[in-house]
Structure formats: C-alpha cells, structure tokens
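Look over the sequence and the model below.

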Amino acid sequence: MSDYAMAVTAPGGPENFFRRALTLPAPGPGQALVRHTAIGLNFIDVYHRTGLYPWKVARDLVPGSEAAGIVEAVGPGVAGLAPGDRVAYTEPLDAYATIRLLPADRLVKVPDGISDEAAASLMLKGLTAQYLIHSTFRVESGQTVLVQAAAGGVGLILGQWLAAKGVTAIGTAGGPEKTALAAAHGYARVIDYRAESFADRVREMTGGAGVHVVYDSVGRDTWQGSLACLRPHGTFVCFGQSSGTIEGFGMADLARGSLYACRPVLFHYIASAADLQARAADLFAAVLSGEVRTEVHQRYPLDRVADAHRDLESRRTAGATVLIP
C-alpha cells in the first residue's frame, strides 16, 4: 500500500479529511525517516483541524501531535539512532501519516516493556502530565488537587501519578462509566459533573478549605467552578479548552483568594533536546515501575480518522485513543 497522510484543505469539520499520497526523500543531515506503527489522538488535533489554533502552514494541514514507529533510515550526522530502533515523538503537527521525516533530536527511544501503541499515546499526554505536576505546579505529598476530565487521556495518567506521590486527587468525569474508570486510576474521589455541582462537592470534600491546584483542560464550561474550588493562594492551571475558549475571565477573578492562574504549553517545556529526553526518561521510568500504567481504550484505522474526531468531540471516548496506519 502506498504511503499517505490524512489532511484537510481548510479549517472545518471532520468530513474535510482526505487521503493525500506521500513520497518522501531520503533523510538529510540530522534527520531520520520513521515509519509509524501507532499515532496518538488528542484534543489539540481538533483545535488544529477547526482553526481554533491558527494555521501556520501554506499548504494542506496534516494534524497529529504524537506517534511511535520504527526508524527506517538516518541522515548524515545522526548519532545514537539506527535503522530498526523503536522511537516515539511529540511535535505540533503532521503525525497523521504512515511515514515521516523528523529531526533526529526530537525522537525518543522507546524502552523494552513499553509497546508502540502505549508510547504513541504517552508522548503528548504523558509528557503533559509530567510537566504539570513537576514544573507548572510541583505537587507535594499531603496536598489535595482537582483534575477536570479525569477520565481523559491526561486525566488517567495524572490520577495514578498523583496517588503515587501521596497526593489526594479529586477528579471530575461525566457519567457512571467514566467516573468508575477514573476511580480505578488513582483518584481518591470522583465527581459526576452531570449529576451535581463539582464546586460544591469539592468544598464539601475538603471541609471548606479548597484544593491547592486545579488542573483544567475543559476551559469554558469549568473555569469559574475551578476557581471556586481553590484555597487561598491556590493555582488554576488551564492546559486545554475542550469545551471552548474561556470568555469573561479577568484579573479580578483571582482576587477572591489571591489566586494564581497560568496557561502552560507542553512544547515550551520540551523545547531543548535535553529537556525532552529528561522528561521522557522520567515518564518512561514511572511506567516501567508500575506507578503509571498505560491502556489504549480505542483504536481506529488511520483512514477513519474522521470517525475518531467525531467520537472525541462528542465525548464518546475515554482514556487513550490511537490511530493505526
């Protein structure tokens, strides 16, 4: 079968995906040619497809921000990688393809004991979890935190990692199946946001004290409640906006408790090759030790990516999803 990518010509719905043939040259200096074996699906892909994140390419857009595969060839000057190596990466775009040329220093070797599918679903989501709890707000044993979308890909990793660090994690999820899934992944308490006010329940669970930090990837639907859950000097970390862009937020909203707020981006935390390798090593160590277990909950053929996007946007998926070339 010929190599291809799944592309869109203009911002819009998932029906705009089409199959585009690919013919790639041999890798140049510092490059590696990687044949994908699994590709991660993330909400940031929807942001790119719809144009919520403005396009910066003068061509058809190929979404996709993480994948795993096998090195087929390396270019001049590449050290530490060879054909046959299993690798994974996260980059802002172009992962929805069967094969890809990449800067070799953006690739991470996948250790034995971690499958290609797991690695493909870990790079963006797992590294996001890593920087959130180690850098954006460095958690400490004994603290209490709230994670919105606890049954999502990042949420399931956060719940386990927080529990391993002695942190009490409260999660929100929609419906009994997703709340049960989150509860099985390290959360001390899980709130069904469809059935009750999560802000009221968090206050009740914490004896009115509130939480030290809220990790919120939902955005518009949750930000006000997230702020209401924080204790004085607490931190609101908005790292996504699956329900839409936050509107109406002002600095005065932080005055209720001398609160902090930030909007971190993964790629700022792995901008250097050294940071990428160090954070990936920490993530893989957590997986291999059993602190974080990885599970792929949905699989779609790459050429059915439109169906995957529809299911993701309608919240019919839970945990990690991969596309199989």
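Leaving aside neighbours within four places in sequence, N42 is in contact with E66, L124, K125 and L312. This is a predicted model. N42 sits in the loop that links strand 3 (31-40) to helix 1 (43-50). Is N42 buried or exposed? Its relative accessibility is 5%, so N42 counts as buried, the cut-off being under 20%.

L312 belongs to the helix 9 side of a contact with helix 1. K125 belongs to the helix 2 side of a contact with helix 3.

Start with helix 1. How do helix 1 and helix 9 cross? The axes of helix 1 and helix 9 (residues 305-313) come within 10 Å, and they cross at roughly 110°. That angle falls in the 65 to 115 degree range, so helix 1 is roughly perpendicular to helix 9. From helix 1, the contact takes in F43, D45, V46 and R49. From helix 9, it takes in H309, L312 and E313. Sorted by class, the contact of helix 1 with helix 9 has three nonpolar residues, one polar and three charged.

Now move to helix 2. Helix 2 (residues 116-136) packs against helix 3 (residues 153-164) at an angle of about 45°. Their axes are 9 Å apart. Helix 2 is therefore oblique to helix 3. The crossing of helix 2 past helix 3 is right-handed.

Which residues build this contact? Helix 2 supplies L122, K125, G126, T128, A129, Q130, L132, I133 and H134. Helix 3 supplies G153, V154, I157, L158, W161 and L162. The residues of the contact of helix 2 with helix 3 divide into nine nonpolar, five polar and one charged.

How many disulfides does the whole structure hold? A search finds zero. A disulfide is a covalent bond between the sulfur atoms of two cysteines. Two sulfurs must lie within 2.5 Å to count as such a pair. Take C229. The closest cysteine sulfur to that of C229 is in C238, 14 Å away, which is too far for a bond. C238 is in no disulfide either. For C238, the nearest cysteine sulfur is that of C262, at 8.8 Å.

Are C229 and C238 buried or exposed? C229 has a relative accessible area of 0%, so C229 is buried. C238 has 7% relative accessibility and also counts as buried.

Key:
Residues numbered from 1 in each chain as written. Predicted model: local features only at pLDDT ≥ 70, side-chain atom pairs only at ≥ 80, totals over all residues. Heavy atoms only, no water. Axes fitted to C-alpha atoms, helices over the stretch in contact; angles between N-to-C directions. Helix = DSSP H or I, 4+ residues; strand = E, 2+ residues; numbered from the N terminus. Parallel < 35°, antiparallel > 145°, perpendicular 65-115°, else oblique. Left-handed = near helix turned anticlockwise from the far one by under 90°. Contact = heavy atoms within 4.5 Å. Nonpolar A, V, L, I, M, F, W, Y, C, P; charged D, E, K, R; others polar. Buried < 20%, exposed > 50% of the residue type's maximum accessible area, 1.4 Å probe, protein only.
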